[in-house]
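Visitor: I would like a close look at a single part of this model, namely the place where two chains meet. Please take me through that part and then through what lies elsewhere.

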Amino acid sequence: MFKFKAILLAAALALPLSAYAESALEIVKKASLASYYAGDDGKAQMLMKVYPQGGGKAISKLFVMLKKDVAEGGEQMFLTYFQRPSDIQKTTFLVHKKIGEDDLRRLYLPASDKVLAISGARKQDPFMGSDFSYEDVSGRHFSKDDHKLLGEETLKEQAAFIVESTPKVKEEKIARMKAWIAKDSYIPLKVEFYDHQGEVFKIYKTGKVMEIDGITTIMHQVMESPKRGTKTELLVNPKQVAYNLGLSESVFSERSLKNPPMQYIR
Amino acid sequence: MNYQVKQLTLSLAAALALWTGPAQAQEFESDFASEFTEAAGAMAPAQSAGPAWTGFLSWEQGGHFGEPSENERQRVLDQTRFRLKTSKSTEVGKLDLKLDFVDDGVLNEAYLDLREGRITTTPFSWMDLSVGKQVNTWGVGDMLFINDLFPKNWMAMFLGKDMEFMKDPANSARVSTYLGPVTFDLVYHPQFAPDTTPNGCVFAVYNPNSLLDASQPALAGNAGACGSPPAASLRDGQYDHDEIAGRLKANLGGFELALYGYHGFYKNPRGMELSVDSSGAMSLAAIYPRLSVQGASLEGQLGPGIMNFEAGNYDSLDDPDGTQALIENGALKGLIGYRMDFSAHFSAGIQVYQETMKEYAAYEQSIVSMYQSMGLSEAMAEAQPGYIYRKEEQHQTYTLRLTFKAQQETLWINFFGYQRPQDRDGFYKLDLTKRASNALSMTFGVNLFEGDVHYQDRDFGMLAAEDNAFLRLTYNY
């Protein structure tokens, strides 16, 4: 059995590399479009459950996220409106995701009516204390990495490409990523994040997937940090998810921080 | 009224703890059921048309460090607060309501505190109008306010209360217009809303009459003597007591540029009025002099962090020439700061603030004249307990903020400090917040003041002996 695998691997490595390199980029592009650029705009009510070290009860946050694609596969805008717990109710977070430069981030604290400019430099820092980084939530742009197709594998009865991505510019945390991307929907099924010691420090897994407005949508995502022993689940409410609402760019302006467009949030 | 509110607060608190608490907690938990398809159904009520009530119950205690003098209290904070909060949005507008039931053991009173009661409408697609009791904030300083002349609560800061209490709500009307990349806001307060500053009820404060009467202590008020120092007042009947503030803001390639204007009063009692009664006895009363401010700010990302810059021109309308020693001189104020995240766990920010008195020569001369009018030479004045050291033309303030977060951002440690070399005073706050669950969090911290015994008229200096520690437990429902 082991020998058979070794032969397969040898065969894979022997295949023409140039053809593979191109298709790896194509696969990652399609995966990025499928998981982050579905529809021209959209909304989803999400529940984030952050589990402490060693398990135990999760600290949860319930929020509605609106997004708009400024350019397909490029710049995007996000407005997040927090609903629970009650102490962060009405807190809003605006992100203008840029490609090749720092994001614009603004956090609004309703109790003190304060708009805080947040540095968009650290895209790998945790999103709201979770195992997901800002970049994991809003999408890592494929142009940041070199991609290599390692092969194919069946994961949970789904045929998948295995793509390895290595940052073009050395990063603080990520040395490389290994992703299993579904061959039919191009949804990433699993991603392993390797640190500079060569160890997996984060594992992403797609749970439940549903068809919403004809678009394959990830309803349940899990990010585990095996070295820290923590885990975060991100769930989408199937009754509160929609695409192509006709959101204008003005929805993603500072006005919405203080007076969010409730017609899309209710 | 007082007794009834106290009873109501306590019974609401008890009801929450005994009955509503577990029920609400359960409902909250079911909101977050692991099977989201089921959870979606449970979450629906919170999304339905009826108003959903949320809020918190908090219990706070604060104590003076060491043995308090007769002027000081041992317990500086003892408050139970129960909040009811709701929001209702319809096609025509939105109502936001926040009502607190407060039982204060230090001042021995119970009261209703309407923290928010406002209606927001959109009369035109390019305009929002918000009327009622509300909090307004602008400007880019971190705990340094040049163009933000909305009411602040310094007692909340000095007692370690949650940051939301740093801002006092006030009755106002706010119009915001959005024309392309430019936003214009106008806020009108029909009644002047001053800052909440130490008034002698909890902390001992500078007593201006000690300048006239050597038998009076420089610091007065406090335990049993609450309200004894003269209450700061406007010059009643002389002016309309309203305030107006405006801001024009635009984005310039990731930077936000804003221009500001304000017409009203100094937000804390920056003036004193000398009066002489029929028997010839003199006394000093604190007043809020009239003020007009024009300013600008710029904020945005520069390198890995955020740069903030703000400046303002303060026109002291009751002392335009700077000839009145007892009224704050006009000033030019400016600040520049930078803050950045050094890692996922640690961030820091520094600010340098500079204030330049506009009519310094006139101010110096006015001090000499003032003592002469009191029949004192400057040497004699210096012997009085409440002697006011002549201020310098330039004043700086340095601030430092350090934030450390760990345990998936359920543990926060925060340090914030002010240091003012010319006033020879400072204020430092260190606090730790731990979120134990979705509902429960705890904050513990210390507030430390620094001051020179000869500079007891200064903001932090007068509180130099008021170091305190606090604890807060909050249950969110």
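How many residues does the contact take from chain B, and how many from chain A?

Guide: This is a predicted model. The contact takes 42 residues from chain B and 39 residues from chain A. On the side of chain B that touches chain A, the elements giving two or more residues are helix H2 (36-47), strand S14 (290-302), strand S15 (305-316) and strand S16 (331-341) of chain B. The most comes from H2(B), which gives 6 residues to that side. Sorted by class, the side of chain B that touches chain A holds 18 polar, 15 nonpolar and 9 charged residues.

Next, the nonpolar cores. The largest nonpolar core has 56 residues, and those that touch the most other members are A:Ile27, A:Met46, A:Val163 and A:Ile181. Take A:Val163: with its neighbours within four places in sequence left aside, A:Val163 is in contact with A:Ala24, A:Ile27, A:Val28, A:His147, A:Lys148, A:Leu149, A:Leu150, A:Ala179 and A:Ile181.

The C-alpha atoms of A:Ser60 and A:Leu150 are separated by 37 Å, and the two residues are 90 residues apart along the chain. A:Ser60 sits in strand S2 (residues 59-69) of chain A. A:Ser60 counts as buried because it has 20 C-beta neighbours inside 10 Å, and the cut-off for buried is 20 or more.

Technical notes. Residues are numbered from 1 along each chain as its sequence is written. Chains are lettered from A and ligands numbered from 1 in the order in which they are written. This is a predicted model: local features need pLDDT of at least 70, side-chain atom pairs count only at pLDDT 80 or more; totals for chains, interfaces and linings use all residues. Two residues are in contact if their C-beta atoms, placed from the backbone, lie within 7 Å. Helices (H or I, at least four residues) and strands (E, at least two) are DSSP runs, numbered from the N terminus. Ala, Val, Leu, Ile, Met, Phe, Trp, Tyr, Cys and Pro count as nonpolar, Asp, Glu, Lys and Arg as charged, and the others, Gly among them, as polar. A nonpolar core is a set of buried Ala, Val, Leu, Ile, Met, Phe, Trp, Tyr and Cys residues joined through C-beta atoms within 7 Å. A residue is buried if 20 or more other C-beta atoms lie within 10 Å of its own, exposed if 12 or fewer, and partly exposed in between; C-beta atoms are placed from the backbone.
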